[in-house]
Amino acid sequence: ETLLRARERRLDVGLGATLIACEDQPELDPELTVDTLQEWSAAARVHLNRTTSALARLTAFNDFFFDTLGIEAAPTRGGGRYDEDRLADLLLPHVLRRRRGHCVGLSTLYLALGYRLGLPLYGVSVPGHFFVRWEGEGLRQNIELTSRGAAHEDAYYVERFRIGGGQVDRGVYLQSLRRREVLVEVLNNRANFYWDRGDEARVLRDLNRVVSLSRNYAQAYVGRGFVNLQRGDLRAAEGDLRQAIGIDDENGRAWLLLGQVLLRRGSGEAEAALTRATELDPQSALAASYRGLLYQQRGQPRLAKTWQENALQIDPRCHMAWIHQGQAALTTGERHEARRCFLEAQELQPESLRAREGLVIAQLDGDLKLPWVARQAMKSVFREYERKLKASPDADSVQGSYLHFLGEVGRNVERAEALAAELIRRNGTVSNVELAAIALGRLDRIDRAIGLVSRALTRERDEGGDQIARLETLDDRLRRAHRSSSPRDLL
């Protein structure tokens, strides 16, 4: 932490990147990494001393990096092996040892050596990519490390990564970054890796650091907003996403996530946010699909269907669009169509729990009975959730989804009660209270559900919160269900 906050000129990127790696991998030897950097930079200095002009020095350094050291770019995609190597291709000790990395990993090594040689080098960020720039000694040249140092103009990156002019003018992308910003990129990329692994605690740790170190890093706010959305902390999510939009109002992902937050909060602003997301990225199948979900919730099934069809025309492989289609079919009783949609989603993403859940729910009859094969599939979903909770016991998104599924299938009441209690104890947001109350109500624990909502409503009134009407509506639904002979139909 102290090193990350050091003054810019004194900040050692090589040491900082090494300590970041060692934080979660104590078996690494930081001294060996730093000593190797010193050894390589001394060897590079011999190559550079034979040159005089800036261009000749840059060419000599590239030759040393790619030819003498044999550094190469890692594959950008491709199956399990790529997934296993993602962290190694990012973190400096592994990049140095294996002499390969992806864009951020290569840039970190290149800059760590270049700074030791006093070269005028800077990291440069564009959406989903990172490279290096030489800017000084009368030369400004981009260095694309994934293409052995190719000298692409800025216009190449603008076109390839669809960067808006305002994003360049406001300094969001294509700027020559400070040393600290390089370490920020490492932390942000590691947070992405941990999210894919379901390690929510480490995700938030790294993103909180990024935000504290770089107030102008929109992507960290977007990432943290996404995590808070998954946790059900809609207020925190909305705050982060509005902060991101304040930095970069052309960030389509921020607008899309904000639309999802506002959709879950029942806010009338959701349509404007999702419309902005589709304006910024007309080819976003997800944005189109969530607009369909919006109209579905508003009771406009024809408009909803049109947008879901638009989403699948944009990208027939968007598994979330198929899931949303399946959910819409369930609400109208079209179970055969719902099953078809969930099968399409599962074909596209076999590990999708949402698709597997949908297939089980689509086979429930009016008495919550299931055929034998569907019961086995349901038990498989239970096991997968338990496995995920064992790996990440504090992951609200996993607990919330599991609880919702138990309510849908009407099973494992005691497990659902324990999950609801733990979820509310740790993160008693209005969204989580609503999720827990509906699940418990569907499991014939309506008294407990009403108690949860009543306590949340009292707290919201005492604090002058803006979710009072939402909780009052939920309380009314639960009380009507309590008096009904078919409570599940009202929940």
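**Close-up 1. Phe 65 and Tyr 110 are both buried.** Buried denotes under 20% relative accessible area, exposed over 50% and partly exposed in between (1.4 Å probe, protein chains only). The model is predicted: local features require pLDDT of at least 70, side-chain atom pairs count only at pLDDT 80 or more, and totals for chains, interfaces and linings use all residues. Residues are numbered from 1 along each chain as its sequence is written, and side-chain values use heavy atoms, with hydrogens and water left out. The ring centres of Phe 65 and Tyr 110 are 5.0 Å apart with planes at 75°, so the pair is edge-to-face. Rings of Phe, Tyr and Trp (its six-membered ring) pair if their centres lie within 6.5 Å; planes under 30 degrees apart count as stacked, over 60 as edge-to-face and the rest as tilted. Phe 65 belongs to helix α3 (residues 54-68) and Tyr 110 to helix α6 (residues 103-116), so that distant parts of the chain, 45 residues apart, are linked. Helices (H or I, at least four residues) and strands (E, at least two) are DSSP runs, numbered from the N terminus.

**Close-up 2. One aromatic cluster comprises Phe 61, Phe 65, Phe 66 and Tyr 110.** The count of aromatic pairs is 11. Phe 65 and Phe 66 have ring centres 5.1 Å apart and planes at 85°, so this pair is edge-to-face. Both Phe 65 and Phe 66 are buried.

**Close-up 3. Asp 444, a residue other than glycine, has a positive phi near 65°.** Asp 444 is located in the loop between α23 (430-442) and α24 (446-463). Asp 444 is exposed, its relative accessible area being 56%.
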